[in-house]
Amino acid sequence: MKKLLALLLALAMVFCLVACGGGNDEEPETPDDSQGETEDPGTDDGGETPAGEQKPFKYGFISWGTADEHGRTLAAATQWAVEAAGGEFVMDGSAVSAEQTIAAAENLIQGGCDIISFCTYAGEASVPQISKLCQENEVYWTMWDTTIADESIQEMINQDPYFVGTANEDQYSAGYDTMQKMAEAGATDVIVVKYGVNIPTCDDRCEGAYDAAEELGINMLYEIVAPEDYKAAMQNALVAYPEANAAFLAGSGTQSTAVSAAFEEAGKSDYVIGAFDYFDSMGEMLQDGSLKVINGGHMVTGTFTAVMGINAFFGTPLSEEKYSIVIPYLTLTSYEDYELYIEYASEGAAYTSEELQQNCFPVFNPDVTLESFQEFVSNWSIEDIAARKGAEA
Amino acid sequence: MSTNTAVRTKKSDEDKKLAFKKALSTAIPYLGLLILIVLFQILTGNFLTASNLEAIFDQGFTLLIASMAGVFVMATGNLDFSLGANAGFCCVCATLAATYIHPIASIPVAIIVGLIVGMVNGFAQTVLRLPSFIACLCMMFILTAATQSLITGSSIMMPVSMMFWETFARKLIFGIIYMAVMIVMFKYTRVGKELKTLGVSPEAARQSGVNVKKRIFLAYAITGLAAGIAGFWFMLRTGGAATTTGQTTTSDVIIAVVFGGMSVSGGASSKISAAILGTLIVTVLNNGMVMAGFGGDPQQLVKGLLFLLVIAVSTKRDPNVIIK
Amino acid sequence: MNNKALNIVKRVLLAIALPAIVYLILGIIRPDIYFSFNTLIMQLTQTMKLTLVGWAMLFGMSVGLFDFSVGSRIILAGLVGIHMSQFMGVIGFVLGVVVTSLILAGITGAAFAGLRIPSIITGYAMLLIFESIATIYQKKFTVIVTDNIAIFGKAPGIYVLTIVAFVLIYVVFNNTKFGYQIKAIGGNEAVARSMGIKAVQLKLLTYIVGGAFLSIAALVEVGYTGSVTAKTSMQSMQSCFTPMMGVMIGMNLASCNPVVGSFIGSFCISIVGSGLVALGIESRLQNVVVGLFLLVFLGLKGNSDRLSHLFSRKKKEAVNIN
């Protein structure tokens, strides 16, 4: 009897929920409209206030979490831009699958976010769904670390007035350059280590590396894909391919220590490691020469997508068209590079609020244009950081 | 005579205490849900809006399907560890079928593939006598590898025309029918009752005339079928299939069912309402925490602590029961 | 006497047969690689790393407990250890790892025994909590592995630790009351309880003893890879499946002790992993191959009576009605 009662209660609750949800079909506008009215009065139509203005906003950031260096700095770097523009930063760090990315977008929008940004880490098939969601709720959105490969998806989101654009790194060139630098350091026989299966970012980096290798006459021996134990996988590869003298880590730079250990234990002392994604002990490895090239610092894709979304929300979009910006990596090849990075860009903001306001937001500096912004973005480099910070100090 | 009454009153006191405890442990998940809802409403101010409730419904939908079926296997005291991988694999198969055969084909393909996987699981355990845990774990590895090799790129897309398949009304109607079927099957047919008996003691079940092998096979088949259905809805919701689809579903189901007040050791405490309630709690928790601005690092910590708290208060502690 | 010796030889041969056959097949395919001393040594090192985690789970698994929080505990203990090593060097590292590992094992065990909830659920809850603590910890303190810690992960450090762990676990498992009670409960818990064994306390103890062995595994793990990274969203769970399969093979090798069996099982797994690379097949299929292998192995074992029945039936067919 009690069980039956409990069940009835559960059912009642579900029906309650369902009834509430069902009512939504008829009056979807009312809650959204009132929300819009209280939060951004009169600015929804760009026509009424032509210049655009700075107004309070909530910025929703979706990622896979902050356990790794990239995730951690990304969230922080996005926050710089949001706070520089006077907004509130909210994040959901549980989006490890497509399903959870959509849920995160829904939850952030329900939480009152005016702009959201995410990455297609879990595949791009879900992008149209998020686009639909954002259009329904009149929320601006951007994607960082992303290029859309599928043309039909690209076409679809181009129709979406709330989609602003994407920011990503030039993966191919970075892979190409890294392989070139590795060759200069003496790499001839390379083992490629992929951190994931079928991840476009990873595959693009590798493609660049393969092309460079072909031009330079470097042998690409074997591909390790998403191993559980990087060191064991590397050891096994070194046994099968004893001639290997270099490793190209297309991501998960933190595993450089494991790969390096595998080389050392195989009795090799003269090896070359080139990697992507910063990690905590890269300074030591750059210093003792076990790591030759490391690409990272791409947390600013978060900063710059935030700039793009916020400007659209302020009514001062940098371009009427959708646009994507390309961000260079901070490539470190020496301990000196590393020291510069740590001192000026790792923990604190690489850009000050003033720098961001003056170079990115037309509401603060009317001279900002898409071209000037793109130039500002492409200046991102170790030299640029040194110059800016040196001048201040 | 007097001692007898004394014993009797003492006994009835104990009975009352037990009944109270039982009622309490049944009520706790409901209370928990209520507290969460009230708390989030106060914190966010707009938790109980129609649009947010619809979002919660959307997010909990696939989990509800999977966890209601998961209860069937859990009632026997086993776990289907391949559930999530199966849903992911079915999602891939459905997406491929929709792309290369016909959008409609995705429905039978998802269901049949899921059912076959579930039946293989059941077959491995009943006929081949393999331990449930290992058989499902191996199935998980195999399906994950298959999913990864079937997907080119990090995800594959379903035909664009299917984007309009997923409407609230369809989900609602399907959800109600599905829930009704599962509830009736678990509560009012021999299947559910016998699975519960099995969870208490397979030997006792056998002696009372239950065809143990047939029932276990059926439980896995039902779960597999549901994984197929979940895979189909996964496809509609995420616009296709990705290598990560269903990756967390197994854990989500287990966590949801436990949140709902059922013990994973199955047996008498098994109840299908736990799946519904647990799904609601988990979804409300995820949704509310992000809305209230706790979506960063603390999210998982709070979830873990709450989880521990819920099991601490809702589990019956009988010293004579064997816990594994 | 003669018979006994013969028996021992037979058992040893049977135990080694499995990995030997796998190794031999690979050797025939790639003789240049597998018939080399260095390769064998490397395989042994990888095996040791797997086995140490496996041994930490062996106590629990022997009494039917599956603990998925093991991976997150290694990460958290490793992080604290590395952090401590910045103040107190190697001693700080060892102290940090061992103490943290024991505390975490104690908490997990206490949750299991105190709340009387199934081990898988306890593992899930603890996993969620430990993962987030590790993430927050890593954010607060930048931890960098120093060179001297690497000694635990390579020869001779890893050999010493493995041998020490082996001796300890062998003695604990085979020559103590604790080990005897574990076997009794693993065999038939109801009977063991009626004999007066306090099952819940014993299971709590398996967590703590397991935690002690896990600290050795964590020392090796950190030294071996040279870094520790926190993981979230239950991703640390993946790392416990492979050692777990090693233990499962070990527990089912009838001819030898589970302690030795776990080592043999883990050895098979690492050979399969390396074999796939040698054959140019993607190494992430390792778990699939091992899983299938385990299924066939257990299938044959679980059905040996039926198989023998099947073979003998032909002779008896005329008489046997069944």
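**Contacts, domains and helix packing**

In the contact between chain A and chain C, 30 residues of chain A touch 33 residues of chain C, two residues being in contact if their C-beta atoms, placed from the backbone, lie within 7 Å. This is a predicted model, in which local features need pLDDT of at least 70 and side-chain atom pairs count only at pLDDT 80 or more, whereas totals for chains, interfaces and linings use all residues. Residues are numbered from 1 along each chain as its sequence is written, while chains are lettered from A and ligands numbered from 1 in the order in which they are written.

**Chain A with chain C**

- The elements that give two or more residues to the chain A side of this contact are β7 (219-225), α9 (230-240) and α10 (256-265) of chain A, where helices (H or I, at least four residues) and strands (E, at least two) are DSSP runs, numbered from the N terminus.
- The largest share of that side, 9 residues, comes from α9(A).
- By class, the side of chain A that touches chain C has 15 nonpolar, 8 polar and 7 charged residues; Ala, Val, Leu, Ile, Met, Phe, Trp, Tyr, Cys and Pro count as nonpolar, Asp, Glu, Lys and Arg as charged, and the others, Gly among them, as polar.

**Chain A with chain B**

- The contact between these two chains takes 50 residues from chain A and 52 residues from chain B.
- On the side of chain A that touches chain B, two or more residues each come from α1 (2-23), β2 (88-92), α4 (98-110) and α5 (127-137) of chain A, and the largest share, 14 residues, comes from α1(A).
- The residues of this side divide into 26 nonpolar, 16 polar and 8 charged.

**Domains of chain A**

- Chain A is divided into domain 1 (57-170 + 298-330 + 350-392) and domain 2 (172-296), with bounds that come from an automatic or database domain assignment.
- The centres of the two domains of chain A, taken over C-alpha atoms, are separated by 30 Å.
- Between the domains, 9 residues of domain 1 of chain A are in contact with 11 residues of domain 2 of chain A, and the domain 1 side has 3 nonpolar, 2 polar and 4 charged residues.

**Chain C: overall form and a helix pair**

- Chain C has 13 helices and 0 strands.
- The radius of gyration of chain C is 21 Å, close to the 20 Å that the globule rule gives for 322 residues, so chain C is as compact as a globular protein of that length; the radius is taken over C-alpha atoms, and the rule is 2.2 Å times the number of residues to the power 0.38.
- The axes of helix α10 (residues 241-252) of chain C and helix α12 (residues 286-302) of chain C come within 11 Å and cross at roughly 20°, axes being lines fitted to C-alpha atoms, for helices over the stretch in contact, with angles from 0 to 180 degrees between N-to-C directions.
- That makes α10(C) roughly parallel to α12(C), since angles under 35 degrees count as roughly parallel, over 145 as roughly antiparallel, 65 to 115 as roughly perpendicular and the rest as oblique.
- By class, the contact of α10(C) with α12(C) has 8 nonpolar, 3 polar and 1 charged residues.

**Chain B: a helix pair**

- Helix α4 (residues 106-126) of chain B packs with helix α9 (residues 212-238) of chain B at an angle of about 150°, with their axes 7 Å apart, and the two helices are therefore roughly antiparallel to each other.
- The contact of α4(B) with α9(B) has 17 nonpolar, 11 polar and 1 charged residues.
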